[in-house]
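Keep the model in view as you read.

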Amino acid sequence: MAVEPREPQYEVVWPLGRTHGDERPSERADRLPDLAGRRVGFVWDFLFNGDEIFDAVRDAMTARYDGMSFVGWNDFGNIHAADEEEVMAEFPFVLHKHGVDAVVVGVGA
Amino acid sequence: MRACAAAEKEGVPAVAVISTGFVRQARAIARATGIPWVPIAEYPGTIPIDSPETRAEKSRGVVATAVIDGLLGLAGEDVGNVPVSAVAVEPSPRDIVFTGSIEQVNDYFDDRLWTDGLPVMPPTIERVEAFLAHTDRDPDEIISVVAPEGREATVWSAAVNGVMAGCKPEYFPLLLALVEIIADPAWRIQDGGSTPGWEPLVVVSGPVVERLGFAHGSGLMRLGPRSNTSIGRFMRLYMRNVPGIRQPPGTTDKGSIGQGLNVALAEDDEFTRSIGWQPLRVEKGFSLEDDTVTAMSVYAQSPPVYTGGPAEEQLDLLAYVLGVTAGPWTSMIFINKQWHPLVLLAPPVAESLAKSGYGKDEIRQYLFDKSKIESKWVEAVALQAGATDFQLSKLTARGAQPEGYPTTYDPEALVPANMRPDWINIVVSGDRGRNQNRIFVQNHGQAVPNTRRIVYRSTS
């Protein structure tokens, strides 16, 4: 009986790279117990009609909660354009300067 | 997600607004950047397609509810599924992850999205080591940690993917230079999955073109020659496997249509110099003796542009095509303040321009001056992409219009289709018997042309 030639077998290695050890989950901010009296920042990538979306979200929030205030996207700058690095470097300072309690970031689309 | 992570780090809770088609990508990036818990407020549907009234209704309704729930901690945590490409326990570089026939290896890799759909050469240790013999660098050297999946880009992984792409071992120094580019933060690999769907274009310049047998004549952009083809393939394969840019069923590549594979473009060095022009590597600051690779994003190409006759008539036609091919995207150019098209000139065309007294700088200036588009189309593209802040009437009213635009709003006004003449790249290559040129359109601040010198093993 003829013996079928066996196909070559290849022992292969992994083509991906290891997930870097420093990429541990970041610190998690506490959620808010209530939005009444809170200051919310809108952070925009200046795309996908985010201004309209944020305006509508703001209106919905103020309809439900008293005393809310808001920090607009122009105060933060464009987080997805030529000045992104500078904007993100300033971002923590802008948050604290305005006393922001929470942020809404968008838009991914 | 970067802004979400930055906020969370400052103790400020964040929620991300993401449209339906991008939720999986957002969750994958959130996981990779260490913030899997950040709530996502989903906008149902495709935002720019909806009317303003529909956008407002959805945003006041389901989006606002999701935002509020997310900030109050009322949204359930959904960190999404683990990517198909991931493994439960990450192997060490030399671990054997699978043994099988060539067909079985390809099926195994395909099931895990480790391939590009074409058969791969099995990356055995012996094949990988054949590549490593062409560098002095330590195989375990971490060139960088690359987004979006936060994986180590190493000398070893460059060799593994080079094997898979069908490269020859002697191509390895070029592959390392390309990984250096991918790993350069200025190249912005994290934008590799953006919706324009750009594809990297590699341009090879220097004596290496002849030494490694790159095609640079007729059909230079077709699959065929192993050097051009496998090196072009390597770029995309590496972007899939190490940065992790994968289209569905992957999660991080949201290129809506996607540009197809670009083979490596090899410059016709001999011809370029014969007409008195400097080759690309010299323009990028390297010497004639150096070998370089340049990598850039390309999301579209012009039709073939046949030119002939007086130099100015040829340049007028090239300027027109540059304007209509790239011009509609001009709003993004000015928003992102980067724009680097590549004009591929046929050798006979370049020679005729040179004989008329034009060098590359003069051609760049001519194309910059003459390449225009009506401002109404610039604005239309911006608005229909949802970049609602780029309304020329408002920008002009406050004196914030882009440079070169009229100071009073005029939708019919012709405005520049380029930002700077020195950002127009010119390469001479292709059929030495034909007058066909082509323009490659680059995606603003994403993968701006980046040139690296190829470094060979010291004992080569």
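Begin with B:Arg420, which is partly exposed at a relative accessible area of 36%. This is a predicted model. The side chain of B:Arg420 makes a salt bridge with B:Asp422, and their closest N and O atoms are 2.6 Å apart. B:Asp422 is partly exposed as well, at 48% relative accessibility.

Other salt bridges form a network with shared partners. It joins A:Glu84, A:Glu85, B:Arg2, B:Arg188 and B:Asp191. One of its links runs from A:Glu84 to B:Arg188, with the closest N and O atoms 2.8 Å apart. Over all chains, the count is 34 salt bridges.

B:Asp269 and B:Arg273 meet at 3.2 Å, N to O. Both belong to helix H10 (residues 269–274) of chain B, where they sit 4 residues apart, about one turn of the helix. B:Asp269 has a relative accessible area of 13%, so it falls under the 20% cut-off and is buried. B:Arg273 is partly exposed, at 43%.

B:Asp316 and B:Lys370 form the other, with the closest N and O atoms 3.3 Å apart. B:Asp316 lies in helix H12 (residues 311–326) of chain B and B:Lys370 in helix H15 (residues 360–370) of chain B, so their bridge ties together parts 54 residues apart in sequence. B:Asp316 is partly exposed at 34%. B:Lys370 is partly exposed at 43%.

Now turn to where the chains meet. Here 92 residues of chain B contact 66 residues of chain A. Together the two chains bury about 6,500 Å², 61% of it on carbon and sulfur atoms. Between them are 6 salt bridges. There are also 26 residue pairs in polar contact. Helix H3 (residues 52–72) of chain B gives the largest share of the side of chain B that touches chain A, 13 residues. That side holds 50 nonpolar, 23 polar and 19 charged residues.

Strand S1 (residues 10–12) of chain A pairs antiparallel with strand S3 (residues 98–100) of chain B over 3 bridges. There, A:Val12 partners B:Phe98.

Strand S4 (residues 102–108) of chain A pairs in parallel with strand S1 (residues 14–19) of chain B over 4 bridges. A:Val104 has B:Val15 as its bridge partner. S4(A) also runs parallel to strand S2 (residues 39–44) of chain A, joined by 5 bridges. Why is S4(A) largely enclosed by the rest of the structure? Because 6 of its 7 residues are buried.

Note on methods: Residues are numbered from 1 along each chain as its sequence is written. Chains are lettered from A and ligands numbered from 1 in the order in which they are written. This is a predicted model: local features need pLDDT of at least 70, side-chain atom pairs count only at pLDDT 80 or more; totals for chains, interfaces and linings use all residues. Side-chain values use heavy atoms; hydrogens and water are left out. Buried means under 20% relative accessible area, exposed over 50%, partly exposed in between (1.4 Å probe, protein chains only). Helices (H or I, at least four residues) and strands (E, at least two) are DSSP runs, numbered from the N terminus. Two strands pair if DSSP finds at least two bridges between them. Contact means heavy atoms within 4.5 Å. Buried area is the accessible area (1.4 Å probe) that two parts lose on being put together, summed over both. A salt bridge is a side-chain nitrogen of Lys or Arg within 4 Å of a carboxyl oxygen of Asp or Glu. A polar contact is a pair of N or O atoms within 3.5 Å; within protein, one must be able to donate a hydrogen and the other to accept it, and residues adjacent in sequence count only if both atoms are side-chain atoms. Ala, Val, Leu, Ile, Met, Phe, Trp, Tyr, Cys and Pro count as nonpolar, Asp, Glu, Lys and Arg as charged, and the others, Gly among them, as polar.
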